[in-house]
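Student: I have a structure open here and would like to talk it through with you. Could we start with the strands and then move on to the helices?

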Amino acid sequence: MNLRAARAIGKMDITNIVGDVVIRRATIADAGVIAAVRIDSWRTTYRGIIPDDYLDGMKIEESTAIWSRILSATSNAANVFVAEVDGEVLGFAAGMTLAQAKLGFDSELTAIYLEPSVQRAGIGRKLVAHVAAALASAGANNMLVWVLANNRPARQFYEMLGAELLAEQPFSWDGLELQEAGYGWRTIRVN
């Protein structure tokens, strides 16, 4: 039985069995599992922040198509990494250099999502470090990340990694009016 199947039937808490975590560049073949991780994470993390009907209406096929396009266009300026345990993808992170600086930052951590049961196991830190290293290799000097303002655990995660709060502002996402917070690392090295 794989980890995801065991978790789905309530047989184990993956957090307790996280062993060797392998971080690797994502391939187009990972699009479906990246989409599933993203949707699982959104539905758990954003309940009470984003309307339930939006979360419940997220479709794996649509998300897979988006990630297939992203992964087929990956270059040195954009990258996606996945975290695996025993060959199973349990999280991912993405980043890109910016053609135009935002708030004085030349690259952005564009996504980081983990299966809810493996959050707080150190995997997110490893993913952010890989994205930061890839962006630095592509010439980036610093890195920005946006987070929903009401997502306190994510904000604490970025603060723990040494990011500073830069701005809070309203934004529109797929017809939803939300509030976001921008954090940044003045140097690309993420602790």
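Student: In which sense do strand 2 and strand 3 pair, and over how many bridges?
Tutor: In this predicted model, strand 2 and strand 3 pair in the antiparallel sense over 8 bridges, and Val80 stands opposite Ala94 in strand 3. The two strands form a hairpin with 2 residues between them, and Asp86 in the turn has a positive phi of about 50 degrees.

Student: And how does strand 1 pair with strand 2?
Tutor: That pairing is antiparallel as well, with 5 bridges between strand 1 and strand 2, and Arg25 has Phe81 in strand 2 as its bridge partner.

Student: Is strand 2 mostly covered or mostly open?
Tutor: Strand 2 is mostly covered, with 7 of its 8 residues buried.

Student: Switching to helix 6, which of its residues are buried?
Tutor: In helix 6, which runs over residues 152–160, the buried residues are Ala154, Arg155, Phe157 and Tyr158. They lie on the same side of helix 6, because they cover an arc of only 155 degrees around the axis.

Student: What covers them?
Tutor: The cover over the buried residues of helix 6 includes strand 4 (105–114), helix 5 (123–137), strand 5 (143–148), strand 6 (164–173) and strand 7 (176–185).

Student: What about the ends of helix 6, say which residue caps the N-terminal one?
Tutor: Asn151 caps the N-terminal end, where a side-chain oxygen lies 3.3 Å from the backbone nitrogen of Ala154. After helix 6 comes Gly162, which has a positive phi, near 95 degrees.

Student: Next, the largest nonpolar core: which residues touch the most other members?
Tutor: Of the 31 residues in that core, Leu109, Ile112, Leu127, Met143 and Tyr158 touch the most other members. Helix 5 gives the largest share of this core, with 7 residues.

Student: What does Ile112 touch, leaving out residues up to four places away in sequence?
Tutor: Counted that way, Ile112 touches Phe92, Ala93, Gly124, Leu127, Val128, Phe157 and Tyr158. There is also a second, separate core of 25 residues, which includes Ile39, Ile49, Val82 and Leu176.

Student: Last one, how far does helix 2 reach, and which of its residues are buried?
Tutor: Helix 2 (residues 31–45) has 15 residues and reaches 21 Å from its first C-alpha to its last, close to the 21 Å expected at 1.5 Å a residue. Its buried residues are Ala31, Ile34, Ala35, Val37, Arg38, Ile39, Ser41 and Trp42.

Technical notes. Residues numbered from 1 in each chain as written. Predicted model: local features only at pLDDT ≥ 70, side-chain atom pairs only at ≥ 80, totals over all residues. Heavy atoms only, no water. Buried < 20%, exposed > 50% of the residue type's maximum accessible area, 1.4 Å probe, protein only. Helix = DSSP H or I, 4+ residues; strand = E, 2+ residues; numbered from the N terminus. Arc of directions from axis to C-beta. Contact = heavy atoms within 4.5 Å. Polar contact = N/O pair within 3.5 Å; in protein donor to acceptor, adjacent residues only side chain to side chain. Core = buried A, V, L, I, M, F, W, Y, C linked by side-chain atoms within 4.5 Å. Expected span 1.5 Å × (residues − 1). Pairing = 2+ DSSP bridges.
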